[in-house]
Amino acid sequence: MKRYKLTALVSLFLCCCYAQDTALCVLRDPSGRIREHNVDFLKMVLDVKFKEKEGLVMGKVNYEFKPIQYVCDSLFLDAPGIRFKKIMLDGATIKYDTNSAGLTIRFNQSLNWNKNYKLQIEYEASPRKGIYFVGWDVDTKNATNNRFFTRQQIWTQGQGIDNRHWIPCYDDVNDKLITETIITFDSAYTVISNGVLKSKKNNGNGSSTWHYAMSKPMVPYLIMIGIDKYAYKDYKSKNGMVSRQYFYANKPDEAEPTYRYSAEMMDWLSSEFGVAYPWETYCNVPVQDFMYGAMENTTATIFGDFILTDKRGSLERSYVSTNAHELTHQWFGDYITEYSAQHHWLHESFATYYAKHFMAQVKGQDMLEWLQRGEAIQAINADKNDRYPIAHSKGGSPRVYPKGSYVIDMIRFVIGDSVYKKCITNYLKKHAYANVTNHDFEMAFMETAGMNLDWFFDQWVYRAGYPDFNVQTESTGNEVHFIILQKQTKDNLQDYFKMPVICELYLEDGTVVSEKKWIGNAIDTITLKTSGKKVLFPLFDAGSHLLKTINFSKTSEELCAQALKAKHMIDRYDALTDLRFVSLEKKRDCLLQVIANEKFNGVKNEAVKQLLKDTSVASITAIKMCFADTDWLVRKNCIEELETVPAHFKNEAEKLLTDTSYYTIEYALKKLCKSFPEEKQRFLSIAKNEFGAHNNIRIAYLEILIRDQMNVTSMEYRELAEYTSNKYEFVTRVKAMEAIDRLGLASEEVLKNIMNGCTYTNNRLNGPASRTLKSLIKNTEYADKARAIFNLNQWKDWEAKALKPLLGL
């Protein structure tokens with residue numbers, strides 16, 4: 001092992017493994033080390049009841065396990081804060097002790113290496129993580145808007161290591177076990193867990209007991225429970241698999257828009273992988289105040305109900321991509337599972353990749369290229385903060401999600417579709433229901449197709465960075481030479497990148513010269529022949545297959561031709577972004593043609609942005625057409641890009657007050673009222689009965705009215721204040737708090753509601769609530785009131801701990 005001091009990563013170590021003449025260097029990753037364990041857990045039977053208003057879990061868990069270390073005289077289980085009532089080994093009481101991390105069981109003698117044992121644990125827990133009791137302390141009888149009022153639920157979130165807070169377990173990824181869950185709860189509710197519902201028993205006292213069972217092993221963080229008054233709809237795929245999709249019984253209109261394409265994605269993913277869906281059941285379960293987008297618990301994905309939307313709401317927040325992402329995880333993450341965090345991209349990159357490609361099945365190649373560009377931007381921006389590789393436990397979300405997804409695209413670009421799909425199928429089958437490492441994935445290409453991709457994994461997975469190209473073209477006779485320089489710093493984390501690249505020449509007669517060539521040096525040259533025809537524009541990396549940054553100067557004429565004629569949407573878009581720096585006189589006609597002819601909203605929107613302030617008759621006419629475009633994203637872009645609405649767009653903007661998009665209505669209402677205050681009441685009257693997605697339109701409406709009055713006793717302010725309370729789900733609460741912050745007007749009720757939000761477990765609420773409180777208490781009057789509220793009320797330890805620093809106490 002050698003140690004290097006790097007400019008960007010002071011005092012971090014590099015670990016180098018040598019194979020022949022090639023050194024494979026990655027950052028040392030102690031946190032990515034696979035955790036040692038002395039037993040193999042084979043089966044778990046979990047039996048739980050709840051006192052939901054107290055947030056209390058009463059549990060019994062039975063394990064079957066086998067020692068895997070020769071000396072096994074104790075067993076540690078992760079169990080922070082759990083209170084134990086009884087522990088038995090094979091029916092006999094056993095000694096144990098606890099600390100803040102968990103439970104250590106002391107065996108009377110070392111266990112027999114060749115024998116299976118049964119462990120029984122009875123316990124109670126009052127966890128703040130892992131399992132969440134939502135809405136049980138809230139009175140919602142008088143809520144103004146019942147569509148978004150808080151629900152009464154119990155749900156779990158185990159990843160990464162949170163199930164240990166309510167189940168004593170070996171809570172890590174490198175041991176799989178078969179589970180059963182037995183849950184007793186109020187019969188009026190629906191109770192969902194992993195696997196097949198074996199039975200539901202009515203206990204005769206208003207409660208029932210649900211018994212779920214898995215037949216194949218999974219890791220403990222995937223154990224789930226979801227409880228609410230759900231309805232469901234079944235989607236049957238052509239392959240016979242049924243997906244059960246849950247929704248709230250009082251919102252049946254949200255089922256179809258949310259679960260659209262559920263049957264199709266099950267068929268498509270199974271076909272793509274060459275491996276049938278590997279479990280017996282599958283469902284999606286919406287829950288309130290979820291801290292992430294969704295979670296791929298085996299057979300039962302939980303997702304935030306802020307994506308459970310009606311037809312209009314699904315325009316902005318569609319579940320289709322997330323649905324495909326989580327369904328992919330049933331193979332990549334649940335069926336095969338990482339050995340440690342160093343291999344986490346083998347879950348998330350694949351889920352991101354296949355969701356992206358399913359969206360291409362639904363919306364076409366242009367959408368795929370658009371999503372890829374978004375991934376590239378995130379990956380490149382991540383390197384501005386640090387230089388971790390994908391295969392590192394500290395790689396972070398921008399690398400294990402979007403960058404890894406882009407890297408998989410590049411693997412497929414290098415080796416071809418057929419070879420890629422065959423390798424993926426064999427990789428999945430070989431490691432079925434087991435754990436995998438990065439090396440296992442790399443070896444799948446050698447074992448299946450005889451391809452050694454060590455060079456690819458070296459530069460894209462185990463090292464950091466991306467190529468930074470400078471490209472120029474030179475013409476000699478009937479040839480055009482692409483001169484390609486790689487400008488990135490060459491060091492132990494990054495070398496020159498070896499990849500195939502497509503270079504193209506678009507010729508005046510409409511033909512295209514295209515060749516795929518390999519590069520990999522500091523300077524490479526690729527030559528294409530023109531056959532004596534005039535070149536309209538050249539393309540390097542046509543279709544943008546490579547993750548990269550690039551400087552490739554072109555004339556305004558070349559950029560305009562590219563914006564209008566390039567085959568790939570992303571090449572047309574890139575030409576337009578380069579035209580940002582060209583004078584309006586040189587690009588106006590081109591932009592007008594783009595608006596008239598372009599089909600993809602991202603490209604059209606870029607042209608709109610560049611013409612929006614142009615006062616020529618042609619440009620104003622074109623923009624007016626975009627205000628009425630059939631694509632809601634184009635209409636939304638028109639109003640969103642305007643700071644104020646010019647008089648010549650007033651009529652078009654007013655029509656957006658009845659748009660299908662809730663957020664387009666919100667933007668139009670705010671900007672019209674700001675631009676034409678004398679007509680404010682007319683604009684407000686049009687939007688008066690719209691509530692929108694999570695009350696976004698209603699809150700905008702109230703904020704505009706309150707700003708004229710600035711009176712905390714007004715009917716409008718009282719309604720807005722209610723939306724900040726725990727009667728509502730977190731998205732509504734955040735929107736209301738942000739409106740309060742902009743108004744700078746806070747009653748004692750509102751301050752208390754915001755302080756309540758600061759103590760919430762969901763950082764999507766406590767973060768915005770904390771920022772709002774900090775902003776408001778810059779006003780000494782509100783600071784004094786907030787401190788008085790704190791002193792006059794009783795707060796739990798963790799609530800006081802969250803509030804004191806915010807209040808300066």
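**Salt bridges and their surroundings**

Tutor: Arg-35, Asp-78, Arg-164, Asp-171 and Asp-172 are linked in a network of salt bridges. A salt bridge here is a side-chain nitrogen of Lys or Arg within 4 Å of a carboxyl oxygen of Asp or Glu. Side chains of opposite charge can pair when their charged atoms come close. The model is predicted: local features need pLDDT of at least 70 and side-chain atom pairs count only at pLDDT 80 or more, whereas totals for chains, interfaces and linings use all residues. Residues are numbered from 1 along each chain as its sequence is written, and side-chain values use heavy atoms, with hydrogens and water left out.

The structure holds 44 salt bridges. One of them joins Glu-272 and Lys-421, whose closest N and O atoms are 3.4 Å apart. Glu-272 belongs to helix H2 and Lys-421 to helix H8 (residues 417-430), so 149 residues separate them and the pair links distant parts of the chain. Helices (H or I, at least four residues) and strands (E, at least two) are DSSP runs, numbered from the N terminus. Glu-272 is buried at 11% relative accessibility, while Lys-421 is partly exposed at 27%. Buried means under 20% relative accessible area, exposed means over 50%, and partly exposed lies in between (1.4 Å probe, protein chains only).

Asp-574 and Arg-373 form another salt bridge, with the closest N and O atoms 2.6 Å apart. Asp-574 is in helix H12 (residues 569-579) and Arg-373 in helix H6 (residues 365-382), so this pair ties together parts 201 residues apart in sequence. Asp-574 is partly exposed, with a relative accessible area of 22%, and Arg-373 counts as buried at 18%.

Because Glu-447 lies in helix H9 (residues 438-449) and Lys-430 in helix H8, the pair ties together parts that are 17 residues apart in sequence. Glu-447 is partly exposed at 46% relative accessibility, and Lys-430 is exposed, with a relative accessible area of 52%.

The structure holds 56 aromatic pairs (rings of Phe, Tyr and Trp, its six-membered ring, with centres within 6.5 Å; planes under 30 degrees apart count as stacked, over 60 as edge-to-face and the rest as tilted). Tyr-261 and Phe-358 make an edge-to-face pair, 6.4 Å centre to centre with 70° between the planes. Tyr-261 sits in the loop between helix H1 (255-259) and helix H2 (262-273), and Phe-358 sits in helix H5 (residues 345-363), 97 residues apart. Tyr-261 is partly exposed, with a relative accessible area of 32%, whereas Phe-358 is buried at 3%. A stacked pair is formed by Phe-790 and Trp-795, 6.0 Å centre to centre and 10° between the planes. Phe-790 is buried at 9% relative accessibility.

Now to the strands. An open sheet of 3 strands has the order E5-E9-E8, with antiparallel pairing; two strands pair if DSSP finds at least two bridges between them. E5 and strand E8 (95-98) stand at the edges with a single partner strand each, so one side of each has no neighbour in the sheet. Neighbouring strands of this sheet are turned by 20° against each other on average, direction ignored; the axes are lines fitted to C-alpha atoms, for helices over the stretch in contact, and angles run from 0 to 180 degrees between N-to-C directions. E5 and strand E9 (residues 102-106) pair over 5 bridges, and Phe-76 has Thr-104 in E9 as its bridge partner.

Ile-68 is found in the loop between strand E4 (56-67) and strand E5 (74-78). Ile-68 is partly exposed, with a relative accessible area of 38%.

Strand E11 (residues 131-134) is covered on both faces: Ile-131 and Phe-133 on one side and Tyr-132 and Val-134 on the other are all buried. In a regular strand the side chains alternate between the two faces of the sheet. E11 pairs with E12 in the antiparallel sense over 4 bridges, and Ile-131 has Thr-156 in E12 as its bridge partner.
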